[in-house]
Amino acid sequence: MELEFQYITQKEELQKHLKELENAPFLFLDIETTTLSSDFRKNKVRLVQFGDEKTTLVVDLFECPDCVELLKPFLSSKAWVGHNLRFDIKHLYYFYGIEPTTVFDTYIAAILLGEERKSLQAVVGKFLGEFLDKAEQSSNWGATILTKRQLEYAAKDVDILRRLLPILLKELNQKTPKEENKNTHLREELLEQLKKTQVAQTFNLENPTAIIEMALVKEVAKLEAHGMAVNAKELDEMIKKLGKELTRAQIDFMTKYGKVDIFSPKQVGEFLKKRFGLKLPKTGKNNTATDEKTLSEYIENPAVAEILRIRKLKKVLDKIRELKQYVRSPLKPEEGDETIGRVYPFFKQIGTKTGRMSASEPNVQNIPRNLRKIFVAPSGKSLVIADFSQIELRIAAEYVGEEKMIEAFQKGEDMHVLTASLVLGKPKDQITKEERQLAKAMNYGLIYGISPKGLMEYAKFGYGVDIGLDEARRLIASFFKAFPKFYEWHKTIKKELREKGVIEGFTMGGRPYKAQTFQDAANYPIQGTGADILKLAVNIFGYQTKIQNLDAKIVNLVHDEIVCEAPQEKAQEIAELLKESMELAGSLVLRKVPVEVDVKVSQNWEK
């Protein structure tokens, strides 16, 4: 059967056909762009194809640029169904200010249903049992005249989406956690609130994780479209300065110790063994270990200290050069002056098994704290930086039901001082700064069941506290005596893994997980709940800024942190709204432990 669609090249024609779609509760939508440049701002939207259950329109923006005047109010008033809508929304939002009210994304649905292959072609093959020919995807969409095959290809995606929606929707709703499910910590109050959201009401979506993720799609698309401002001039200066410092350090080292390639593990290993007689362990491949952790044991040796310093310099320089590679000059005057550039990272919405997001090109989630100052607010703007305080510890306390921790959080006590006091047997007012640091290592390490050796290394490399192996063993025994619910939880995990080989459960936001190792079984529900809370907070904040008509643009998300760009005169108001949104998200997921958010207004990303 031949596919029916209307190819629109005139504004009057579009106006007539839009009336046929006025009552559609949502639209099936896709776009075609002229190029797939690594800088999306250089792409041009050629076609916007959309429709309801019966009608399909293919609008050619090259033939009818004025059609945007009609498309903007119409498309912005509708929910959209699409595949990998982050791409479509990013382009339509950046170029025309068009965004949907909410979405159902078949790409996100495929991930949530556990599909490894998530392309539209793969999803169609799995759920419709058909082969979808994508050959025209790489054709010339900037051609003066588009071929019939190209237009049919564009219209076909709309038809495919029509048929995919009910199947994927049904599958997701069937995976909604029920009260009788084991390891379900989902609050009924949260589920009721989620069911009231626009995405749930529009698509009759019941799965809590799907509701949160679908609502997040347009926020992630806008995050990518906004990019994050960088002081390009300072970045260049840092590269020059660090480059010179690194060269000088290498020359000084070779002058003192001879020709040794500090970045060659083999040469460094041979040098340290022959020159200083260091007894370095072997790696799994029988090479000499010269990694940071190994060499840190010999930090008193001046040559070792210098090798580690030079390697650290190189690591920082490599990170800055990577950033430089992705800095784009402003295409619009309002994006900043000549010293300001922007990076436009890609964000993978479900980047890990726990539901956390990941970023690339560049990875703005792993910027060392001493480099964050190069991310700035452009002229007339401020950055609002908010992060959840001790969120994973708070989640863990409630998840396992550890009353001492829960009570401490309710009273607003310093959790690390309390842990140090209980474990070391000292009054709270006598706990030193170093002992508090040690307690931090215990709190963030032992809730996940790290070993005595693991605690020893974590305390040293994470918090600068030296403890011996025997002391680590004593501290662990004392920690679990002070907080027995964690010990019982770990024991239950180990028993279940021995008996079944796998643990299946849900985060406190209703996200399913499957773990086959102790480390994963202890980590997934806690880190996954943190991801649920952050994503819920972004959705609440996005909704609130829209209805209050506030010009607040989220420019980065880092696991427990939200960075937002705002007009200077509105920054404090937006900071308060962001804090409220994050705390509300936390209160919907956690019922006993209060969530605290630290927020700051600054001209750069530095806390």
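## Buried cysteines and the disulfide

A residue counts as buried when its relative accessible area is under 20%. The model described here is predicted, and in it Cys 67 has a relative accessibility of 0%, so this residue counts as buried. Cys 64, with 5% relative accessibility, is therefore also classed as buried, and the value of 0% for Cys 564 means that this cysteine too counts as buried.

Cys 64 and Cys 67 are joined to each other by a disulfide, with an S to S distance of 2.2 Å, and the count of disulfides in the model comes to 1. The angle about the S-S bond is 90°, and the link between Cys 64 and Cys 67 is right-handed.

## The open sheet

Six strands form an open sheet with mixed pairing, and their order across the sheet is S1-S4-S3-S2-S5-S6. The edges are strand S1, residues 6-8, and strand S6, residues 103-105, each of which pairs on one side only. On average, and with direction ignored, neighbouring strands of this sheet are turned by 25° against each other.

Helix H3, which covers residues 85-96, lies across strand S2 (26-33), strand S3 (45-51), S5 and S6, and runs at about 75° to S2. Helix H6, covering residues 148-174, also packs on the sheet, where H6 touches S1, S2, S3, strand S4 (56-60), S5 and S6. The direction of H6 makes an angle of about 135° with that of S2.

## Packing of H16 against H17

Two packed helices are described by the angle between their axes and by the distance between those axes. For helix H16 (residues 415-424) and helix H17 (residues 433-446), the angle is about 95° and the axes are 8 Å apart. Because angles of 65 to 115 degrees count as roughly perpendicular, H16 is roughly perpendicular to H17.

On the H16 side, the contact is made by Met 415, His 416, Val 417, Thr 419, Ala 420, Val 423 and Leu 424, while H17 contributes Glu 435, Arg 436, Ala 439, Lys 440, Met 442, Asn 443 and Tyr 444. By residue class, the contact of H16 with H17 is made up of 8 nonpolar, 3 polar and 3 charged residues.

Conventions. Residues are numbered from 1 along each chain as its sequence is written. This is a predicted model: local features need pLDDT of at least 70, side-chain atom pairs count only at pLDDT 80 or more; totals for chains, interfaces and linings use all residues. Side-chain values use heavy atoms; hydrogens and water are left out. Axes are lines fitted to C-alpha atoms, for helices over the stretch in contact, and angles run from 0 to 180 degrees between N-to-C directions. Helices (H or I, at least four residues) and strands (E, at least two) are DSSP runs, numbered from the N terminus. Angles under 35 degrees count as roughly parallel, over 145 as roughly antiparallel, 65 to 115 as roughly perpendicular and the rest as oblique. Contact means heavy atoms within 4.5 Å. Ala, Val, Leu, Ile, Met, Phe, Trp, Tyr, Cys and Pro count as nonpolar, Asp, Glu, Lys and Arg as charged, and the others, Gly among them, as polar. A disulfide is a pair of cysteine sulfur atoms within 2.5 Å. Buried means under 20% relative accessible area, exposed over 50%, partly exposed in between (1.4 Å probe, protein chains only). Two strands pair if DSSP finds at least two bridges between them.
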